[in-house]
Amino acid sequence: MKRPLLLFLLIFGSWATVTAQKKSELIAENNALRSQLDSVNGLVFEAQKDSRVNIAKAESLESQVNELQDANATLLKNLTSFAEVSSKNSQNINNALESLAEKEAQLKSITDAIASNDSTALVVLTNAKQSLGENAKITVSNGAIVVSESLTTLFNSDTDSNINTNSEPWIGKIAAILKANPAMALTVEGLTMTGDIDLATRQANTVAAVLQKNFQVDPNRLMAIGKDGNFKEGVNFKIHPKFDDFYNMVRKNMKN
């Protein structure tokens, strides 16, 4: 009886020892697993923390990217507007330059016409001095060549409007000057110092009629007027450019 009991105790003791050993091993393994789990949890926590930081950085970067995209879109819009304004300004400058070129051309044509008239007036002055002689009363006034003659030389008397036939050759010299310079016109001015404008006008018209009828001067180149000569009387022969042609030329250039 004692022997089986002893055998039982021996077996039980061995089992208890093995069980205690396995329990100890399991506890140690469990502790190791807990340590590993804590380490993994720590790594997961750090990873989650880094993930949150990275997400915040990504959101910040995305916000910056959106701001840059908006700024870029605004810049492109401004550049487009600037290009349009620049194009319009360039067109305006080109239009202004074209307008200035047109104005310069207009002014050049007018300047050329004035220069041509001045050159012609110089030629007329030379012709008048050569044709009428050194004793002729010739002056220059406002671009016109003015030849003055007394009433008693041209008419039978200073109160008469009938041409003295002896004066026709002299009037013929005026006609020759006009024919030699077809670009010029003539204004015959009857001057009075008595206030008798009607007589002065008749005397001027008589001279113009002689030029037209006896010397075939184009009537479109002639004008006759009577005017107060203040303290002078006589007839002025003003040889000048065709002001109507000059005016029409200027008007045409300005209109175009």
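**Reading burial, contact and helix length**

Mentor: At 54% relative accessibility, Pro182 counts as exposed, where exposed means over 50% relative accessible area, buried under 20%, and partly exposed in between, with a 1.4 Å probe and protein chains only. This is a predicted model, in which local features need pLDDT of at least 70, side-chain atom pairs count only at pLDDT 80 or more, and totals for chains, interfaces and linings use all residues. Residues are numbered from 1 along each chain as its sequence is written, and side-chain values use heavy atoms, with hydrogens and water left out.

Trainee: Which residues is Pro182 in contact with, leaving aside its neighbours within four places in sequence?

Mentor: Contact means heavy atoms within 4.5 Å. Pro182, which lies in the loop between helix 3 and strand 3, is in contact with Arg221 and Lys242; Lys242 is 60 residues away in sequence, yet the C-alpha atoms of the two are 9.6 Å apart.

Trainee: Is Asn236 buried or exposed?

Mentor: Asn236 is buried, because its relative accessible area is 13%. Asn236 belongs to strand 5, residues 234–241, and strands (E, at least two residues), like helices (H or I, at least four), are DSSP runs numbered from the N terminus.

Trainee: How many residues does helix 4 have, and how far does it reach?

Mentor: The expected span of a helix is 1.5 Å times one less than its number of residues. Helix 4, residues 197–215, has 19 residues and reaches 26 Å from first C-alpha to last, close to the expected 27 Å, and Gln216, which follows helix 4, has a positive phi near 55°.
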